Amino acid sequence: MCKNVFGIFSGICLLQVSAVLPFWAGHGWIVAAMALVALVFCGRMRGRKRTAYVACAIWASGLAAAILAGYAYAAWRADIRMADALDEILEGRDVQLVGRIASLPGDSGDGVRFVFESEPASDCRGANGDAQDDSRAGTPGRMLLSWYRNHWGDSRAAHTAPALQPGECWQLTARLKRPHGSAVPGGFDYEAWLLERGLRATGYVRRGERLATDGGGFMNRVHRLRAHIRRQFETALPDAPYRGILAALAVGDQGAIPPDQWDILRRTGVQHLVAISGLHISLVALAVGGLCMALWRRAPWLAARCPARLAGALAGLAAAGVYALLAGLGIPVQRAFVMLAAAALAMAARREMSARNVLALALLAVLTVDPWATLAAGFWLSFGAVATILLTVGGRTAPVRGWRAAVRLQLAITLATIPALVALFQGFSLASPFANAFAIPLVSFAITPCVLVAAIYPAGWLLELAHTLTAWMMDALQYLSSFSFALHEHPLPPPWLLAVTAAAAVVTILPRGTPGRLAALAVLGGFFFWRPERPQQGDFRAAVLDVGQGLAVHVQTARRDLLYDAGPLYGRESDAGERVVVPYLRARGIRRLDAIVISHDDADHAGGLESVRARVEAGEIIAGNGADGPAREDASGAVRGIPCISSLQWRWDGVDFAVLAPDALSGERRGNSLSCVLRVRGAGGVSLLLTGDIENGGENGLVSRYGDDLASTAVAAAHHGSRSSSSTAFVAAVRPEVAIFSAGYRNRYGHPHPRILARWEGAGARNMRTDNAGTVLLDAKGGKLAASGWRETAPRYWHGR
């Protein structure tokens, strides 16, 4: 069974890293059915006596059939989901939607965010007969919407967001777009996150009308119950700083946990404790099942009809199911519930089932329901941790017991999950064993029981007790997180190295005497010292990051790193520095920036600066300014730097950096044309021109001063491709091979303008847009420039769809 499930799992993983779906994806169920028939046939053939070669061939054929079955099934499901798409003609237009709120609405900082499910208008007609029948025409079934508070200064949000409840039926006027996110090496794949949740469009609400307030289905009623419990917690603990953690333990809503608390949890490796997982589900099942079994044994007439052990197992399973529903049915919760269900059913059938078969059955069930589960971090960490437990406690002739067993188990899980943590988060906590030693018992046996009882029976003193215990725990965790060694950040390795390291980690936790354990430890040691290759002397690499409507460029030489601009603000509580720039730098193994150049103080260029400086050590800050004034402050008004003047030049590792402006722009007084213009030139003559937001007047000043010396191999086009920049004279003087436009997907300014694209193309440039290509990677090596987009380098079938 385990081999077959592993093959199906491998086939699904193979599909989820594919660039395109196979041409037969729409008929994938037929291929999957044929592969399963072949798998059954191979299983029957193995039962007969065969030579060793024939037996190996049958075994390999069965594995291949399982892989094909998984691949075909995932392709079929993907074809169905991708067909549920938003028509391109509807993007950016007012669309009428009728449907229900299908999630727990969450505060996004500047509004409310929720999942909206379209429904036939007739389902809501009981409240309003004017609902339109064609509300689903061209729109997907599920979408993620934001209802912003009225602070935009334009007409995008006509009304303040109302109080929304799960299950309510609404008629909305919204503007939608297809799933789109930043495509950055080592960054978060927002499009994959949406796909895994079946959300096939995003957008914002302009206005709406509530049509009905009834529950509208079982899960919507569950979400209403979750919202009710959350409101109870908010009422009982109105100003409590750790209320969000308690709500996360009760109903799986992590949206109220502030970023600084997440940072403490991440640095100490205990973030899994506030995400309802197998540990929480199992404890609930154990507590309820044990209580039921004890009571059952006190009633002989019940015990005579049904064994107390079976009654306890079924009661624990029912309690776990209720808690799983309240938790939102995340992947770790699904895995734990399926494993409990398999054990309970085996007990009911009076059959023994090995732990590894139970885990395999859980894996198969999760992937059958959700083939995109492999895209979620929780999938790998949850199943990986359970598999580690089975490997650690199994195969021992003299198992260790007591506290020694707990220590060994915690160390094994920490070691085995290092490759997954590095692949997913580019780091792991060295403080994790110490933090989990006291946090796991405290959360499991004190905080969580108080929270769950308070959710059933509202008692303010129970929540206050849980909050006090949580505060003590967080104080201790904050102390541990303050040590510099608490979190070890590691660059993102190539897939082959991750696979080798994962295999080595598995070997190290096997019983003593297993061959190759010393070699596995050597591999792990080599993994910790691995670093990405850097450019050679005189060469450089650059990455124009996909930050949306803004600019952030990383330039790397043999031993130095520079950041030109830090990207835009995304809202009141997020920016490109935190979401894009820092994860990219972490994935590249960059812990220090030798210099940061901020072209000018517009929020789309300086908005992420504070987040970068808070998380990455930075050297000098060179700030764009007028030739006659001091360095400007960044968008937060907190930073001053070295004035950016055209006489500023330096050399790093054989690569020349020269500021060309704003001295040449002394006649300009507008903020954009005071941008700091930087040119990077390698030893082989390959050059990159970074222009900020200079406009036509500033460009003409550069042409007058430098003339043909402006010629560059690549240029980041000024002002995101606006019509106010990229003058004819400037384009002719620069005449690049590659022109890069950093712009947001379907931005409201229409950047880059078609006329500007045509102008650069007419000058012989290859146009590359971050909204289409993702992060643009430039490699200046040996006097030649190679340019590629991240969506081209690491394509996935859901990109752009």
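The second largest pocket is lined by 19 residues, and those nearest its centre are Val284, Val288, Leu452, Val453 and Ile456. By pocket I mean an open set of points on a 1 Å grid over the protein atoms alone, where a 1.4 Å probe fits, with protein on both sides within 12 Å along at least five of seven lines; lining residues have an atom within 4 Å of a point. This is a predicted model, in which local features need pLDDT of at least 70 and side-chain atom pairs pLDDT 80 or more, while totals for chains, interfaces and linings use all residues. Residues are numbered from 1 along each chain as its sequence is written, and side-chain values use heavy atoms, with hydrogens and water left out.

The volume of this second largest pocket is about 430 Å³, taken as the space filled by probe spheres set on the points, with grid points joined across faces, edges and corners. Two or more lining residues come from each of helix 5 (218-236), helix 8 (278-297), helix 10 (308-327) and helix 16 (432-456). Helices here are DSSP runs of H or I, at least four residues, numbered from the N terminus. Which helix gives the largest share of the lining? Helix 16 does, with eight residues. By residue type, the lining has 17 nonpolar, two polar and no charged residues. Nonpolar covers Ala, Val, Leu, Ile, Met, Phe, Trp, Tyr, Cys and Pro; charged covers Asp, Glu, Lys and Arg; the others, Gly among them, are polar.

Next, the aromatic rings. Rings of Phe, Tyr and Trp (its six-membered ring) pair if their centres lie within 6.5 Å, and planes under 30 degrees apart are stacked, over 60 edge-to-face, the rest tilted. That rule gives 19 aromatic pairs. One of them is Phe379 with Trp380, edge-to-face at 5.3 Å centre to centre and 85 degrees between the planes. Phe379 is buried, at 2% relative accessible area, whereas Trp380 is partly exposed at 34%. The cut-offs are under 20% for buried and over 50% for exposed, with partly exposed in between (1.4 Å probe, protein chains only). Tyr479 and Phe483 have ring centres 5.2 Å apart and planes at 85 degrees, so that pair is edge-to-face. Tyr479 is exposed at 55%, and Phe483 partly exposed at 29%. Ring pairs also link Phe6, Phe9, Phe379, Trp380 and Phe383 into a cluster.

Last, a charge over a ring: Arg81 lies over the face of Trp372, 3.8 Å from the ring centre. The criterion is NZ of Lys or CZ of Arg within 6 Å of the ring centre and within 35 degrees of the ring normal.
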